[in-house]
Amino acid sequence: MDETSLRGLLDIALSREPPLGPVARNSLRAGIKRRRRRRAQGVAGSAAVVAAIAVAIPAIAAALGQHAGAPQTPGGRAAYVVNGGTDTVTPITTATNTPGKPIKVGNYPAAIAITPDGKTAYVVNDGSGSFGTVTPITTATNAPGKPIRVGNFPDAIAITPDGRTAYVANINSNTVTPIATATNTPGRPIKVGVRPRMIVITPDGKTAYVVNQGAGIGNQAGSFGTVTPIATATNTPGRPIKVGNGPLVIAITPDGKTVYVPNSSTDTVTPIATATNTPGKPIKVGRIPWAIAITPDGKTAYVANSGTDTVTPIATATNTPGKPIKVGPEPQYIAITPDGKTVYVAIFKSPTVTPIATATNTPGKPIKVGKDPYVIAITP
Amino acid sequence: MTAAEEFIEFAEVTSPRLRRTAFLLCGDWHTAEDLVQTTLAKVFVSWRKIRRQDAAHAYAARTLVNTYLADKRLKRVAEVLTGRLPERPVESPPPELRIVVLEALATLPPRGRAVVVLRYWEDMSVEQVAAVLGCSQGNVKSQSARALDKLRAVLGDALDGYGPPGRPLEARHETGDTQHG
């Protein structure tokens, strides 16, 4: 029996197919129930995770704001956890690890960032219509303010070091909305590339770099992603910088000189010199590079390869990849301690967090955590 | 588009194909639809992560197979596995070919059946099937070879008189080596 004849037999077995019921709607309803159930079960587990690995700095916390995490106010007094399933944000007093009353935000909150002075948390809500919103939360009282209207399917936010502007990437509008934090009013949307996914801002606050996923699927021709630099003084976009296919995340060195973009479909990382905004030679990493973090001294970028279950260290001085470090199945997120000694990798499928000693690049014993670990935040 | 709208769009596009895969796994359209619904509900729970990838269908197919296998483990005790087709009286007219094929598939162990469906219906490579089932490529090849041996044996006589479903069944033996591909 060869493949063609077997395929033919399977086709015959599939004849007399009855009409399909409303499976999509029913499974959405069942899925929402399942998600609520899991979130409820997850609360106890997540507290344990925070206790075990919560070490973080505001800088990392701000970066974490890109995707629903638990960023903290400066000084680490409070952490905010975005609950995508219940449209709320839970404040946690870090001194006692006690959760406060959930704060109601918009539909499908997806990301959060806190101003450098710690006074306001901005929560990005995917929304349920043709536009999303941003809910400002006054951290002193944990009261939500009036929602700020942004573009279609906003999914990432970054705030300038001076705290004056919050930039929100709208995936389906191909724009970035600047929000003046003094008045919480949105500015004119800035045109960027196709499907903007994440934003980083240079330490001097002069440029915001937006990574655009691109239109294509996988490695189709012409499906490359781009990075759009935005001059924050004027909110005007610069010329797009071409990177590889399927970029989803972006990281910047602490000195602001280089931006690194993992290309999830090309299995490379593109370095971009910020002085000239030109891309360097792509650095070969493992399959499906999914997350990236750079050590505080700026010497090493760690890239999580979710397709090969490895972490590749890249020496930033030479942009050469080191030997891949084997971790568990589907590494999902990377965070580095402020002293730069340990890299924590969230392993989505085990579910564990693997510590890596940066001195030797050897993985330590995995730490068991709750289901589907997604992001890690470390206290100062 | 919101996450929910995006998910609905994905689910509507992917559920007909998923249901056919599910049917080949379980052999019953009602169970197939239930399997798909459960699968998609599970997919929705992790939708935020999945939609960042371009491999949503692959993820759904993997969830479907794992849901089927988990379900199968629970029901295993209640089932009588036989290596041969039920005997039929000689006089009765031959059953429809689709029934013969389904009965043959039903003789396969759940994982072997999953390998056949994924490789020959979902058109996955050995590597992809190994990733879905969480086993080695060698294991996929041996499961595949064993399942085909069994199908060939079970269908060998039963197929006489039905004619070829495209190309005639040939005697080529799939060893599982890549060069035989």
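**View 1. A:Pro154 faces A:Asn170 in strand 11 of chain A.** This is a predicted model, in which local features need pLDDT of at least 70 and side-chain atom pairs count only at pLDDT 80 or more, while totals for chains, interfaces and linings use all residues. As for labels, residues are numbered from 1 along each chain as its sequence is written, with chains lettered from A and ligands numbered from 1 in the order in which they are written. Helices (H or I, at least four residues) and strands (E, at least two) are DSSP runs, numbered from the N terminus. Strand 10 (residues 154–159) of chain A pairs with strand 11 of chain A in the antiparallel sense, over five bridges; two strands count as paired if DSSP finds at least two bridges between them.

**View 2. On to strand 12 (residues 175–180) of chain A, which pairs with strand 11 of chain A.** Six bridges link these two strands, again in the antiparallel sense. A:Asn170 turns up here too: its bridge partner in strand 12 of chain A is A:Thr175. Four residues sit between the strands of this hairpin, and A:Asn174 takes a positive phi near 55°. Five of the six residues of strand 11 (residues 165–170) of chain A are buried, so the strand is largely enclosed by the rest of the structure. Buried means 20 or more other C-beta atoms within 10 Å of the residue's own, exposed means 12 or fewer, and partly exposed is in between, with C-beta atoms placed from the backbone.

**View 3. Strand 31 (residues 342–347) of chain A, with five of its six residues buried.** With that much burial, the strand is largely enclosed by the rest of the structure. Strand 30 (residues 331–336) of chain A pairs with strand 31 of chain A in the antiparallel sense over five bridges. Follow A:Val343 across the strands: A:Ile336 has A:Val343 as its bridge partner in strand 31 of chain A, and A:Val343 in turn has A:Ile356 as its partner in strand 32 of chain A. Strand 32 (residues 352–357) of chain A runs antiparallel to strand 31 of chain A, joined by six bridges, and the hairpin connecting the two goes through four residues.

**View 4. B:Trp29 in helix 2 (residues 29–45) of chain B.** B:Trp29 is partly exposed, with 18 other C-beta atoms within 10 Å. Setting aside neighbours within four places in sequence, B:Trp29 is in contact with A:Pro18 and B:Phe23; contact means C-beta atoms, placed from the backbone, within 7 Å. The C-alpha atoms of B:Trp29 and B:Arg19 are 7.9 Å apart, with the residues 10 apart along the chain. As for helix 2 of chain B, 13 of its 17 residues are buried, so it is largely enclosed by the rest of the structure.

**View 5. Residues 42–68 of chain A, where pLDDT stays under 50.** pLDDT is the predictor's confidence in each residue, from 0 to 100. The model has 72 contacts beyond four places in sequence for this stretch. For context, chain A averages a pLDDT of 84, and 84% of the residues score at least 70.

Definitions and conventions: Contact = placed C-beta atoms within 7 Å.
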